[in-house]
Amino acid sequence: MPMPEPFVPPHLPHGPAILAVDGGGTKTLAVRVGPDATVQAVQITKGCNPFDQPDWQNILTNLVTPLASGLQAAAFGIAGYGENRETGRLLRAHVHQLCPATPLSLTNDVDMACIGAFAGEAGVLLLSGTGSMAWASDGADQTARVGGWGPVFGDEGSAYWIGRKALQRVCQAMDGRAPEAKDFAQKICATMHWPDENPAALDALLGWYNQQERPRPAVAHCARLIDEMAEAGCPEARALITQAAQHLATLVQTARARFSEHTLPWSYAGSVFKSRLLRDTLTDLCGTPQPPRLPPVGGGIVQAARLAGWPIDAAWIARLAHALDA
């Protein structure tokens with residue numbers, strides 16, 4: 001589904017404000033908040049991951065500029081930050097250009113999501129959307145990252161991983177390497193309106209892929225279909241969702257071990273967690289998750305509020321959670 005064009009507010013309230021930007025692989029969200037935790041403005045547009053979005057600088061500029069006046073602080077959580085020195089330098093330079101003379105925080109979007117999920121306290125945040133990663137924090141200065149190596153080297157258990165594995169299985173079924181997966185492949189082909197016999201199937205699949213402006217999110221979108229098939233009882237689809245959950249459980253378990261704390265609470269963020277089967281499997285493997293106290297962008301709001309010197313307590317967090325859920 002294409003992301004909507006950013007909404008440009010005609011007027012911004014006067015007085016103090018902070019800004020948080022959650023920039024993922026699929027979408028980028030900016031939220032402007034007042035001292036009483038009220039949301040003053042929201043903008044949303046397509047993803048800004050510098051590793052798969054060449055136009056990331058313009059995306060951030062168009063999103064942030066209408067909201068940047070009179071800010072006391074801003075926090076950016078951008079996918080890919082911290083993974084490459086040169087890309088990190090470019091990101092830092094650009095966000096400082098967007099918010100000159102404003103106290104800034106720039107971190108990875110998963111770090112931001114972890115702060116939001118536990119409202120700054122200790123825990124492991126498991127992210128599984130287009131990509132996958134676990135981020136653990138002791139609630140103070142120590143953090144640990146596990147996974148997040150991208151679609152070529154990692155991202156196991158992510159929506160992209162599920163979609164790629166499913167389409168790979170289609171290819172194997174179509175050319176005879178996996179005859180046991182033929183029914184699975186035919187169901188996917190029917191949903192995608194592709195022929196289900198070669199060479200027409202090969203032509204349709206490769207044609208679809210080559211027509212995608214951003215192939216990675218397009219492949220990741222297929223994970224929703226696989227989960228629907230799993231819910232309907234398809235054995236191949238259930239096996240894929242279960243394997244994804246097992247990979248994600250390893251991220252949580254490894255992150256916990258980095259702190260020698262195997263009972264560190266865990267929470268989650270990302271589109272893959274819409275899957276009931278995946279959530280249930282992860283609960284069996286890692287224990288019951290803690291529902292996120294704030295959405296990912298809420299972690300950025302907490303960071304920005306601290307930078308601005310605003311007093312933050314449990315009541316403020318509760319008001320913010322309500323405002324972001326409205």
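Biologist: How many disulfides does the count come to?

Modeller: The count comes to zero disulfides, where a disulfide is a pair of cysteine sulfur atoms within 2.5 Å. In general terms, a disulfide is a covalent bond between the sulfur atoms of two cysteines.

Biologist: What should I know about the model before going on?

Modeller: This is a predicted model: local features need pLDDT of at least 70, side-chain atom pairs count only at pLDDT 80 or more, and totals for chains, interfaces and linings use all residues. Residues are numbered from 1 along each chain as its sequence is written, and side-chain values use heavy atoms, with hydrogens and water left out.

Biologist: New topic, helices. At what angle do H5 and H7 pack?

Modeller: Helix H5 (residues 159-174) and helix H7 (residues 200-210) pack at about 160°, and their axes are 10 Å apart. Axes are lines fitted to C-alpha atoms, for helices over the stretch in contact, and angles run from 0 to 180 degrees between N-to-C directions. Helices (H or I, at least four residues) and strands (E, at least two) are DSSP runs, numbered from the N terminus.

Biologist: What does that make H5 and H7 to each other?

Modeller: H5 and H7 are therefore roughly antiparallel. Angles under 35 degrees count as roughly parallel, over 145 as roughly antiparallel, 65 to 115 as roughly perpendicular, and the rest as oblique. The crossing of H5 and H7 is left-handed; that is, the near helix is turned anticlockwise from the far one by less than a right angle, while clockwise would be right-handed.

Biologist: Which residues make the contact?

Modeller: From H5, Leu167, Val170, Cys171 and Met174; from H7, Ala201, Leu205 and Trp208. Contact means heavy atoms within 4.5 Å. The residues of this H5 and H7 contact divide into seven nonpolar, no polar and no charged. Ala, Val, Leu, Ile, Met, Phe, Trp, Tyr, Cys and Pro count as nonpolar, Asp, Glu, Lys and Arg as charged, and the others, Gly among them, as polar.

Biologist: What about H6 and H8, where do they cross, in degrees?

Modeller: At roughly 125°, with the axes of H6 (residues 182-192) and H8 (residues 215-231) coming within 11 Å. That pair is therefore oblique, and the crossing of H6 and H8 is right-handed. Phe184, Lys187, Ile188 and Thr191 in H6 meet Leu225, Ile226 and Met229 in H8. The H6 and H8 contact has five nonpolar residues, one polar and one charged.

Biologist: Off to the loops. Where does phenylalanine 273 lie?

Modeller: In the loop between strand S9 (266-269) and helix H10 (276-286). Phenylalanine 273 is buried, at 5% relative accessible area. Leaving aside neighbours within four places in sequence, its contacts include Leu126, Trp266, Tyr268 and Arg279. Phenylalanine 273 and glycine 129 are 144 residues apart in sequence, yet 8.2 Å apart in space, C-alpha to C-alpha.

Biologist: And threonine 102, buried or exposed?

Modeller: Threonine 102 is buried, with a relative accessible area of 12%. Its place is in the loop between helix H2 (85-98) and strand S5 (104-107). Not counting residues up to four places away in sequence, threonine 102 touches Leu71, Gln72, Ala73 and Ala74.

Biologist: What is phi of alanine 37 near?

Modeller: Near 75°, a positive value in a residue other than glycine. Alanine 37 is in the loop between strand S2 (27-33) and strand S3 (39-46), and is buried at 2% relative accessible area.

Definitions and conventions
Buried means under 20% relative accessible area, exposed over 50%, partly exposed in between (1.4 Å probe, protein chains only).
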